[in-house]
Amino acid sequence: MKILGIESSCDETAASVVEDGRVVLSNVIASQVEEHKIYGGVVPEIASRRHTEAICGVVEKALSDANCTLTDIDAIAVTYAPGLIGALLVGVNYAKGLSLATGIPLVPVHHLRGHIAANYISNEEIKPPFLSLVVSGGHSHIINVKSYTEFEVIGRTRDDAAGEAMDKAARTVGLPYPGGVNLDKISVNGDENKYKFPKPKVADSEYDFSFSGLKTFAVNLVHNASQKGEEVKAEDLGASFIKAVTDLLTSHTMKVAEDIKAGKIVLAGGVSANSRLRRVMAEECEKRNIMLCMPELKYCGDNAAMIASQGYYEFLAGKTADMTLNAVASMPIDK
Ligand code: KG4
Ligand code: ZN
């Protein structure tokens, strides 16, 4: 079964054809990163306009790269939540138009479910149930994935998302957007023990995260040093910050895994590309004899292959939509 996936929730216009949820036949991404760079982050209005310009060409290329026409497509899967509302609307309305014109079923996909499904592409043997750490620019969740379409959130951030914190720390040391990936690159050569960051705890939960204090600590550190005329090396601050964030993500995930006796852990979302997170997670899982899956680097960030993959399982579960489908800016994964 061939699914056409469409993704436009943030600053990537993407389309992909995936067979039976696992085999990627094409994966086209038109990134707007260069345009948003000068503003230091994504400008929603610009993102929507660029999606509108790019979407026809991106979908056509995804079909032709897969040697397909629309007659070969069994369902159209589209990200409908969560994300920037104006950006989501472009993908949703394009997919609705395509479905109405062709009669091909329309399948709405939750963006974070898509991030988790990126693992189905890279690891053919991975099947729910498993525990997933989903860390992106807007979300940080520990999720019990009970089946392909049943999710239970066990832990979450109380303030910033892990990716958001990475981006803010990167800005503090003068790195351009997209901050997280640049911070990762320079921090490989840094001393991660140079600065001792606090270990934030959430009063009434062992599983929830808080990252905003780490960000404030980094800002204050740079500010105090500059007042004293001292130098803060970006690579040392970056490495110490990444250590603080990834140790928090890892320790909380391991705590949940032990408590619910999870045998498999799956990483997902843009921050799952982080080199230290991947390394430390692998070490901790090996110690506990837990199987670890991580998406290939090219499927960690936003793409439509993951949407087509999840769309396949949503379609098998009968979760199609009609022309009343609308984009939703904020929606829990378990709804
Ligand atoms: O999943 P994603 O591509 O978009 C959202 O759904 O939000 O995640 C983007 C986030 C950004 O905050 C970005 O800085 C972060 O993922 N990110 C990274 C790395 N690559 C992307 N953070 C740390 N290390 C990386 N290598
Ligand atoms: Zn994403």
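In which loop is asparagine 289 found? Asparagine 289 lies in the loop between H9 and S10, where helices (H or I, at least four residues) and strands (E, at least two) are DSSP runs numbered from the N terminus. The model shown in these views is predicted, with local features requiring pLDDT of at least 70 and side-chain atom pairs counted only at pLDDT 80 or more, while totals for chains, interfaces and linings use all residues. Residues are numbered from 1 along each chain as its sequence is written, chains are lettered from A and ligands numbered from 1 in the order in which they are written, and side-chain values use heavy atoms, with hydrogens and water left out.

View 1. Most residues other than glycine have a negative phi, and most peptide bonds are trans.

**View 2. Packing of helix H2 against helix H3.** Helix H2 (residues 44-65) and helix H3 (residues 85-102) pack with their axes 9 Å apart and at an angle of about 35°, the axes being lines fitted to C-alpha atoms, for helices over the stretch in contact, and the angles running from 0 to 180 degrees between N-to-C directions. The crossing of H2 past H3 is right-handed, a crossing being left-handed if the near helix is turned anticlockwise from the far one by less than a right angle, and right-handed if clockwise. On the H2 side the contact (heavy atoms within 4.5 Å) is made by Ser48, His51, Thr52, Ile55, Cys56 and Val59, and on the H3 side by Gly86, Ala87, Val90, Gly91, Tyr94 and Leu98. Sorted by class, this contact has seven nonpolar, five polar and no charged residues, where Ala, Val, Leu, Ile, Met, Phe, Trp, Tyr, Cys and Pro count as nonpolar, Asp, Glu, Lys and Arg as charged, and the others, Gly among them, as polar.

**View 3. Surroundings of glutamine 32.** Glutamine 32 is found in the loop between strand S3 (23-31) and helix H1 (33-37) and is buried, with a relative accessible area of 6%. Its side chain reaches the backbone oxygen of alanine 47 at 3.2 Å. Residues up to four places away in sequence not being counted, glutamine 32 touches Asp11, Thr13, Ile46, Ala47, Arg50 and His51.

**View 4. The salt bridge of arginine 158 and aspartate 204.** The structure holds 22 salt bridges, each defined as a side-chain nitrogen of Lys or Arg within 4 Å of a carboxyl oxygen of Asp or Glu. In one of them arginine 158 pairs with aspartate 204, the closest N and O atoms being 3.1 Å apart. Arginine 158 lies in the loop between strand S8 (150-156) and helix H5 (162-172) and aspartate 204 in the loop between helix H6 (179-187) and helix H7 (212-227), so the pair ties together parts that are 46 residues apart in sequence. Arginine 158 counts as partly exposed at 44% relative accessibility, whereas aspartate 204, at 62%, counts as exposed.

View 5. Aspartate 247 is partly exposed at 27% relative accessibility, while arginine 276 is buried at 9%. Glutamate 258, also in helix H8, is 30 residues apart from arginine 288, which is in the loop between H9 and strand S10 (291-293), and their side chains meet in a salt bridge (2.7 Å, N to O).

Key. Buried means under 20% relative accessible area, exposed over 50%, partly exposed in between (1.4 Å probe, protein chains only). A polar contact is a pair of N or O atoms within 3.5 Å; within protein, one must be able to donate a hydrogen and the other to accept it, and residues adjacent in sequence count only if both atoms are side-chain atoms.
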